[in-house]
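Student: I have a structure open and would like to go through it. Can we take it step by step?

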Amino acid sequence: QEGKKIKDVSIGTNFTAVEDAHDSIERSDGVKDASNRVGSVDLKATLWEKYRFEGEVARSWDDEDTASSLGGLRKTGSALRLKLDGKVSKKLKGNVGYEWVGANFRTLAGSAISDRAMVRTRADYQWNRRWKADMRYNINMDRMDDSPQNKRTIANTPGLGLQWMPDDKI
C-alpha cells in the first residue's frame, strides 16, 4: 500500500550456547573450561519506503573455569547495534550505524569485540553514470563504563572518495 510509514517489519530472537573444555585442545596450558550463552532480539523495518532500520540488543552469560572446585565466576554483559540506511534522492544515499559492546560481553561463537563503541556514517552521491563521490566518518572508542582498563582510546577516521568510470568507447 502506497504511503505506509512502516512496512516489512520482522522481529527475531537468537540464542547460542557454547561449552568449551580445556582438554578439547592440544595445548591447554593456562586455558580454563568455559560456558557461554548469548541471547538477542533483533528488529528490521522499512520506514517511509526510503529507509531501512536494523537493530539488535544482546545479553551474554559467561561462566569461566567451570571445572574449578570454586564453581567459577559468572560475568554478564550487554551489546547494542543500530543501523539506518536511506535513499534521500535518486542521487544521494547514506547510512549511519552505532554499535556498543560492554566490557563484560563475551561470545565464544560470535564476532563481537568486547569493550568498545563505534559510530559509522557514509554518504554516496552520484552526479551521473560516470562520476560518484562518497564521504565517510567513523569514530571508534574503547574503555566503556564497566571496563577494567583505565584509559580510553578514541579514533576518528574521516574519508572522502571520488570515482570516475571512463566511457566504454576509450
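Student: What should I know before we start?

Tutor: This is a predicted model, where local features need pLDDT of at least 70, side-chain atom pairs count only at pLDDT 80 or more, and totals for chains, interfaces and linings use all residues. Residues are numbered from 1 along each chain as its sequence is written, and side-chain values use heavy atoms, with hydrogens and water left out.

Student: OK, how many helices and strands are there in the protein?

Tutor: The protein has 0 helices and 8 strands. Helices (H or I, at least four residues) and strands (E, at least two) are DSSP runs, numbered from the N terminus.

Student: And how much of the protein is buried?

Tutor: Of the 170 residues, 22% are buried. Buried means under 20% relative accessible area, exposed means over 50%, and partly exposed is in between, with a 1.4 Å probe and protein chains only.

Student: What share of the contacts comes from residues 24 or more positions apart?

Tutor: They account for 47% of the contacts with a separation of 6 or more. Contact means heavy atoms within 4.5 Å.

Student: Now the largest pocket. What is its volume?

Tutor: About 370 Å³. A pocket is an open set of points on a 1 Å grid over the protein atoms alone, where a 1.4 Å probe fits, with protein on both sides within 12 Å along at least five of seven lines; lining residues have an atom within 4 Å of a point. The volume is the space filled by probe spheres set on the points, which are joined across faces, edges and corners.

Student: Which residues are closest to its centre?

Tutor: Of the 20 lining residues, Glu56, Ala58, Phe105, Ser111 and Ala112 are the closest to the centre. Strands β1, β2, β3, β4 and β5 each supply at least two residues of the lining.

Student: What classes make up that lining?

Tutor: There are 10 nonpolar, 6 polar and 4 charged residues. Ala, Val, Leu, Ile, Met, Phe, Trp, Tyr, Cys and Pro count as nonpolar, Asp, Glu, Lys and Arg as charged, and the others, Gly among them, as polar.

Student: Changing topic: is Thr46 buried or exposed?

Tutor: Thr46, which lies in strand β2, is buried at a relative accessible area of 12%. Beyond its neighbours within four places in sequence, its contacts include Lys5, Ile6 and Tyr51.

Student: Which side chain does it have a polar contact with?

Tutor: That of Arg52, at 3.1 Å. A polar contact is a pair of N or O atoms within 3.5 Å; within protein, one must be able to donate a hydrogen and the other to accept it, and residues adjacent in sequence count only if both atoms are side-chain atoms.

Student: How many salt bridges are there in the whole structure?

Tutor: The search finds 10, each being a side-chain nitrogen of Lys or Arg within 4 Å of a carboxyl oxygen of Asp or Glu.

Student: Which residue does Asp62 pair with?

Tutor: Asp62 pairs with Arg106, with the closest N and O atoms 2.9 Å apart. Asp62 is in strand β3 and Arg106 in the loop between β5 and β6, 44 residues apart. Asp62 is buried at 1% relative accessible area, whereas Arg106 is partly exposed at 29%.

Student: And what does Asp167 pair with?

Tutor: Asp167 meets Arg129 in a salt bridge of 3.8 Å, N to O. Asp167 is partly exposed at 23%, while Arg129 is exposed at 59%.
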